[in-house]
Each structure stands twice: as structure tokens, then as C-alpha cells.
Amino acid sequence: MSRLPPFLQVIIAGVIASLLTSLIFLAFDLSGVFTGLGILLSAPPDFLPWLGIRLMYGGFFALLLLVPILTNWRLWQRGLLFGLIPALYLFLWKWPFVQNVGFFGMKLGISVPITGLFFSLLWGP
């Protein structure tokens, strides 16, 4: 029985993690969790293209797990650390400059930074 090469293993793991976090995000949106917490986040109406982009980035960011740094850390700890990269991208670039909702998405609600961090860190382990 042959095993997949490590780079394929981490890509698949990143795609699966992105799929799960995206489905949890959609469930939070559809069940009214975001509305109940006063968070102005929602899944886009064109969900499938959004999901495709998230899956692609999830596989790409998972490749960071192959970089030989912090090798004395457990894999899930490195995953948490690398999960911060997309969160920082959202907090410091996309939300303030692309979507114009302020640094850390503060115009979307006070809980948005915690929510963004939650979903980014959920991807990691």
C-alpha cells in the first residue's frame, strides 16, 4: 500500500480544514448565531465561488506546515501559529483597505475580531 507524499497530505488536510470551517461559518450564519451576537458577518450569496477560494487558500496555507521551522513544536501548535496568517491578512489588509470596515473589522461589530480569530485558529489544528 502506498502513502501519499507529505505535500499532498498537507494540501488535503488544509482543504478539509477549510471546508469544515466554511461549513461551520455557514451554519453560524444560517442559524442566526452571528445576528444574535451582533456580528454583521454573513456568508456571501454566491457561496460556491467563495468556498472554492477558501479551499484553495486552505490548501496553500497548509503547505507552510512543511517549512522546516519550529520543528520541535507539535504539528497542531504549528497549525495554530500558521492559522494566524489569514487572520492578520483579514484584520490588517482586507477588512480595512479592501472592504472598508476598519481595522480588525470593527465596523461590523465589536465581536468580529474574536470571530475572525476563532475561524482562523479553528483551521489550524
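These are my notebook entries on a predicted model of one protein chain.

**Entry 1: overall layout**

I began with the secondary structure. The protein chain has five helices and zero strands. I read the order from the N terminus as α-α-α-α-α. Next I took the extent of the chain. Its C-alpha atoms fill a box of roughly 50 × 30 × 25 Å along the principal axes. I then looked up burial: of the 125 residues, 32% are buried. For contacts between residues at least 6 apart in sequence, I found that 60% join residues at least 24 apart.

**Entry 2: confidence**

I checked pLDDT before going into detail. The mean for the protein chain is 86. I noted that 97% of the residues reach 70 or more. Which helix has the lowest confidence, and which the highest? Helix 5 is lowest, at a mean of 81, and helix 1 is highest, at 91. I keep one caution in mind: where pLDDT is low, the predicted coordinates should not be read in detail.

**Entry 3: helix 1**

I tested the length of helix 1 first. With 26 residues at 1.5 Å a residue, helix 1 should span 38 Å. I found its end C-alpha atoms 37 Å apart, which agrees. Then I listed its buried residues: Val10, Gly14, Ala17, Ser18, Thr21, Ser22, Phe25 and Asp29. What covers them? The cover includes helix 2 (33–36), helix 3 and helix 5. Just after helix 1, I came to glycine 32, which takes a positive phi of about 85°.

**Entry 4: valine 10**

Valine 10 lies in helix 1. Its relative accessibility is 13%, so valine 10 counts as buried, the cut-off being under 20%. I then asked which residues valine 10 is in contact with, leaving aside its neighbours within four places in sequence. They are Ala62, Leu63, Leu65 and Leu66. Ala62 is also among the buried residues of helix 3. I also took a distance along helix 1. Valine 10 and threonine 21 are eleven residues apart in sequence, and their C-alpha atoms are 16 Å apart in space.

**Entry 5: helix 3**

I repeated the length test on helix 3, residues 47–62. Its 16 residues should span 22 Å at 1.5 Å a residue. The end C-alpha atoms are 22 Å apart, which agrees. I listed the buried residues as Phe47, Leu51, Gly58, Gly59, Phe61 and Ala62. Finally I looked up the packing partners of the buried residues. These residues pack against helix 1 (6–31), helix 4 (75–98) and helix 5 (112–123).

**Entry 6: helix 1 against helix 5**

I looked at how this pair packs. The angle between helix 1 and helix 5 is about 150°, and their axes are 9 Å apart. I recorded the crossing as right-handed. Which residues meet here? From helix 1 I noted Gly14, Ala17, Ser18, Thr21, Ile24, Phe25 and Phe28. From helix 5 I noted Phe118, Phe119, Leu122 and Trp123.

**Entry 7: leucine 121**

I stayed in helix 5 for leucine 121. Leucine 121 has 27% relative accessibility, so it counts as partly exposed. Not counting residues up to four places away in sequence, leucine 121 touches Leu80 and Leu84. I also looked up its separation from alanine 87, 34 residues apart along the chain. Their C-alpha atoms are separated by 8.3 Å.

**Entry 8: positive phi in the loop**

Is it buried or exposed? Asparagine 100 is exposed, with a relative accessible area of 53%. Phenylalanine 104 is found in the loop between helix 4 and helix 5 as well. Its phi is near 60°, again a positive value in a residue other than glycine. I noted phenylalanine 104 as partly exposed, with a relative accessible area of 36%.

Terms used:
Residues are numbered from 1 along each chain as its sequence is written. This is a predicted model: local features need pLDDT of at least 70, side-chain atom pairs count only at pLDDT 80 or more; totals for chains, interfaces and linings use all residues. Side-chain values use heavy atoms; hydrogens and water are left out. Helices (H or I, at least four residues) and strands (E, at least two) are DSSP runs, numbered from the N terminus. The expected span of a helix is 1.5 Å times one less than its number of residues. Buried means under 20% relative accessible area, exposed over 50%, partly exposed in between (1.4 Å probe, protein chains only). Contact means heavy atoms within 4.5 Å. pLDDT is the predictor's confidence in each residue, from 0 to 100. Axes are lines fitted to C-alpha atoms, for helices over the stretch in contact, and angles run from 0 to 180 degrees between N-to-C directions. A crossing is left-handed if the near helix is turned anticlockwise from the far one by less than a right angle, and right-handed if clockwise.
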